[in-house]
Amino acid sequence: MKESASARPVLIAGGGLCGISTALHLRSPYLLVERERQLGGLATTEERDGFHFDRTGHWLHLRDPRIRELVTGALELAPVQRRARVHAGGALIPYPFQANVHGLPRAMAYDCLLGYVRALLARGASEPRNFEQYILHHFGEGIARHFMIPYNAKLWGVHPREITSAWCQRFVPIPSLEQMLAGAIGSADAELGYNVEFLYPRRGGIGALSAALAARLDPARFRLGVEVEAVDAERGAARVGGEWLDYRALVSTLPLPELVKRLVEPPAAVVAAAAALRWTSVRYLNVATRSLAPGGYHWVYVPDERLPFYRVGVYSAAMPSMAPPGCSSLYVELASRDRVEPIAEVVRALCEVGALASAEDLVFAEPREIEYAYVIFDERYEAALATIQPYLEQRRIYSRGRYGAWIYNAMEDSLLSGRATAELCDAGNEGSR
Ligand SMILES: Cc1cc2nc3c(=O)[nH]c(=O)nc-3n(C[C@H](O)[C@H](O)[C@H](O)COP(=O)(O)OP(=O)(O)OC[C@H]3O[C@@H](n4cnc5c(N)ncnc54)[C@H](O)[C@@H]3O)c2cc1C
């Protein structure tokens, strides 16, 4: 006898925050499958000799009341007042750059203000088409040259002109004239503006968040260390650890190109669209030191092309439990995607930006990589997604989360995405009863 649709489980592929949230919110039967030996995906923490490291800075912001309730009901989070800096022209100024230019060398500050005013006066009706144009249009030539272009080129691994402006509108706030002027004379409220406070677990790093949420799942409904190897979209079945399993719906949080690779006989158009997707990886270092970082910041942005990293963060400055007393745990996000920088070069640069007091204080530096880190929003992005996602959705495959939906998002967005997808699957299930 054929199994009824509602008796088959929803299969959740990937147990990062999106997969965990889907499972937590689903009322229908499900099975969650995670390739790694622990749940949490990018929101996990490793420990060595009392030093804790996230997969680079993972600072939590919660806006949605129901997600806040879910998270704060699962673990204790400390509010932390952000201390973010920018290292430019040899100076360490508060973030955001455009609201604090008075702290820069005088010629640089003048460039930034003049460029902003010129851009404001010249601003016409024409809309910027790419990220470089967006920066020049809204920030002006000085801020573009001294911060926005070099920093973003280092972060993205491609020049901002290759990124479309559609992406920037949500994520790159536009400076106001008042903000620029106050910043130029040093009267801006330094930490005013974007995400001034974040939340962070008191112990165990951001991995404590995933662990606390995962502890609410029924262990009989997830499998660790098992891959989703193939997906037969027409049949509604996936090969999991060598076995074919029928699903009612598949919630996939695998990176979208990885899901398409696993489809059995996908249409040529879907394969071609997936080949157009671009992303960038992040190489970073877990760094342990036997002193407190002299800069006193939680993280610093480093646009300078001479220096081998674009951002450095000090976990233990935000939460002292991340390192033994008197010591620091750091992340160093490297600009190069292929070259292995000599550690002496990195250490010298860390001293220059105020992340390390002295080279002798280094305890260890371990390289790490996130293969899928940032989706590149280029001119082929929209069309590729418009081909792949409807094909999947029509076959009850919901590709969600940061890399499933193939977007730029934060942890809360992945939790929200999981909740919305659970509701969608439950509604479908009730309809099929
Ligand atoms: C460098 C960096 C810094 C960030 N900083 C912040 C920050 O400060 N604040 C913030 O809110 N957000 C931050 N984020 C974003 C945050 O990490 C994501 O929004 C969130 O963790 C994504 O969760 P997810 O479940 O969508 O994806 P993931 O965490 O990627 O989960 C996907 C899961 O699928 C599993 N998987 C993959 N292939 C298979 C397979 N074949 N079979 C089974 N399982 C598989 C993976 O192992 C993984 O566990 C940052 C991201 C990056 C890259």
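**A hairpin and its setting**

Modeller: The bridge partner of E46 in β4 is F53. The model is a predicted one: local features are reported only at pLDDT of at least 70 and side-chain atom pairs only at pLDDT 80 or more, while totals for chains, interfaces and linings use all residues. Residue numbers start from 1 in each chain and follow its sequence as written. Strand β3 (residues 45-48) pairs with β4 in the antiparallel sense over 4 bridges. Pairing requires at least two bridges found by DSSP between two strands. Strands (E, at least two residues) and helices (H or I, at least four residues) are DSSP runs, numbered from the N terminus. The hairpin of β3 and β4 has 2 residues between the strands, and D49 takes a positive phi near 50° there. From strand β4 (residues 51-54), F51 and F53 point one way and H52 and D54 the other, and all are buried. Buried means 20 or more other C-beta atoms within 10 Å of the residue's own, exposed means 12 or fewer, and partly exposed is in between, with C-beta atoms placed from the backbone.

In domain 2, 8 residues are in contact with 7 residues of domain 3. The side of domain 2 that touches domain 3 has 5 nonpolar, 1 polar and 2 charged residues. Contact here means that two C-beta atoms, placed from the backbone, lie within 7 Å. Ala, Val, Leu, Ile, Met, Phe, Trp, Tyr, Cys and Pro count as nonpolar, Asp, Glu, Lys and Arg as charged, and the others, Gly among them, as polar.

The ligand lies between domain 1 and domain 2, because both give residues to the shell around it. That shell is made up of 35 residues, of which G14, G16, G41, G401 and A410 are the closest. Elements giving two or more residues to it are α1 (17-25), β2 (30-34), β18 (362-375), α14 (401-404) and α15 (411-432). By class, the shell has 16 nonpolar, 12 polar and 7 charged residues.

Strand β2 belongs to a sheet of 5 strands with parallel pairing, in the order β9-β2-β1-β13-β19. Its edges are β9 (222-224) and β19 (397-399), each with a single partner strand, so one side of each has no neighbour in the sheet. On average, neighbouring strands of this sheet are turned by 15° against each other, direction ignored.

Strand β18 belongs to an open sheet of 7 strands with mixed pairing, ordered β7-β6-β15-β16-β17-β14-β18. The edge strands β7 and β18 each pair on one side only. Neighbouring strands here are turned by 25° against each other on average, direction ignored. Parallel pairing over 3 bridges links β6 (residues 84-88) to β15 (residues 299-301), where A84 stands opposite W299.

Like D49 in the hairpin, W406 has a positive phi, of about 65°, although it is not a glycine. W406 is in the loop between α14 and α15 and counts as buried, with 23 C-beta neighbours inside 10 Å. E265, also not a glycine, has a positive phi of about 45°. E265 is found in the loop between α9 (256-262) and α10 (268-275) and counts as exposed, with 7 C-beta neighbours inside 10 Å. The peptide bond from Y95 to P96 is cis, with omega near 5°, and P96 is in the loop between β7 (91-94) and α3 (106-122).

Technical notes: A residue is near a molecule or strand if its C-beta atom, placed from the backbone, lies within 6 Å of it. Domain bounds come from an automatic or database domain assignment. Axes are lines fitted to C-alpha atoms, for helices over the stretch in contact, and angles run from 0 to 180 degrees between N-to-C directions.
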